[in-house]
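Please keep the sequence and the three-dimensional view at hand while reading.

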Amino acid sequence: MESSETVKKLSEEFQKLPGIGRKTAERLVFALLKSKNGMATTLAKALLDLVEKVKLCTVCGGITETEPCAICSSDKRDKTLVCVVEQPLDIAVLERTGKYQGAYHVLGGTLSPLDGVGPESLRIEQLIKRVKEGKILEVIVATNPTMDGEATALYLSRVLRPLGCRISRIARGVPVGSDLEYVDEITLTKSLEGRREM
Ligand SMILES: [Zn+2]
């Protein structure tokens, strides 16, 4: 596989993706080389579309191709309720439960002083601004139940409390140390319903 610079380059790019080691990367390159139905061209086009069309909603920070996103612009959603999540993918997970009808706010990570991630690196200022604008009655903090996720939830409750909205945390149905992405929909629905005030 090393006889072509192009092959080597693509393999190296694949290896930058999560969960992909050298062997898997080489298998992917080989599969693309071998495919006769234009798979490589279709993939290249899909990647370009991803870069050109997909962006983050300026209101909630979720993945979208429209501005604002479908959830932020829907009049069927309860905009007095905002669920705060770490990553855009968490929105998809919560949407799959089909039970949550409020709005979202993506932080873009968690506070992590050791890694140099402070409040200014996250979308916390935007959240405060949304709450200050007035129509939000409750903020549900759905950061992951990890140490950083809990610390971030505490920080949010401290900065949001003076603004007078209700702040709640999703219940402990979500196992400690886990990622929302891997929690099943029933557990997630239960932990949303069983949220408690912070
Ligand atoms: Zn949005």
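**Briefing on the predicted model**

Pro68 is located in the loop that runs between strand β2 (63-64) and helix α4 (70-73). The peptide bond that joins Glu67 to Pro68 is cis, with an omega of about -5°. These features, like the rest of this briefing, are computed from a predicted model.

**Domains**

- The domain assignment of the protein chain gives two entries: domain 1 covers residues 5-53, and domain 2 covers residues 63-197.
- A distance of 33 Å separates the C-alpha centres of domain 1 and domain 2.

**The sheet**

- An open sheet is formed by five strands, and their order across the sheet is β4-β3-β5-β6-β7.
- The pairing of the strands in this sheet is mixed.
- Strands β4 (102-106) and β7 (196-197) stand at the edges; each has a single partner strand, so one side of each is left without a neighbour in the sheet.

**Strand β5 and its partners**

- Strand β3 (residues 78-85) pairs with β5 in the parallel sense, over four bridges.
- Within this pairing, Leu81 has Glu138 in β5 as its bridge partner.
- Strand β5 (residues 138-141) is also joined to strand β6 (residues 166-169) by four bridges, and β5 and β6 run parallel.
- Opposite Val139 stands Ile167, which belongs to β6.
- Together with helix α7 (residues 147-160), strands β5 and β6 make a β-α-β unit, and this unit is right-handed.

**Packing of helices α5 and α8**

- Two packed helices are described by the angle between their axes and by the distance between those axes.
- Helix α5 (residues 88-97) packs with helix α8 (residues 185-193) at an angle of about 90°, and their axes lie 9 Å apart.
- Angles of 65 to 115 degrees count as roughly perpendicular, and α5 is therefore roughly perpendicular to α8.
- On the α5 side, the contact is made by Val93, Leu94, Arg96 and Thr97; on the α8 side, Glu185, Leu188 and Thr189 take part.
- By residue class, the contact of α5 with α8 comprises three nonpolar, two polar and two charged residues.

Note on methods. Residues numbered from 1 in each chain as written. Predicted model: local features only at pLDDT ≥ 70, side-chain atom pairs only at ≥ 80, totals over all residues. Pairing = 2+ DSSP bridges. Helix = DSSP H or I, 4+ residues; strand = E, 2+ residues; numbered from the N terminus. Right-handed = clockwise from strand over helix to strand, strands pointing away. Domains from an automatic or database assignment. Axes fitted to C-alpha atoms, helices over the stretch in contact; angles between N-to-C directions. Parallel < 35°, antiparallel > 145°, perpendicular 65-115°, else oblique. Contact = placed C-beta atoms within 7 Å. Nonpolar A, V, L, I, M, F, W, Y, C, P; charged D, E, K, R; others polar.
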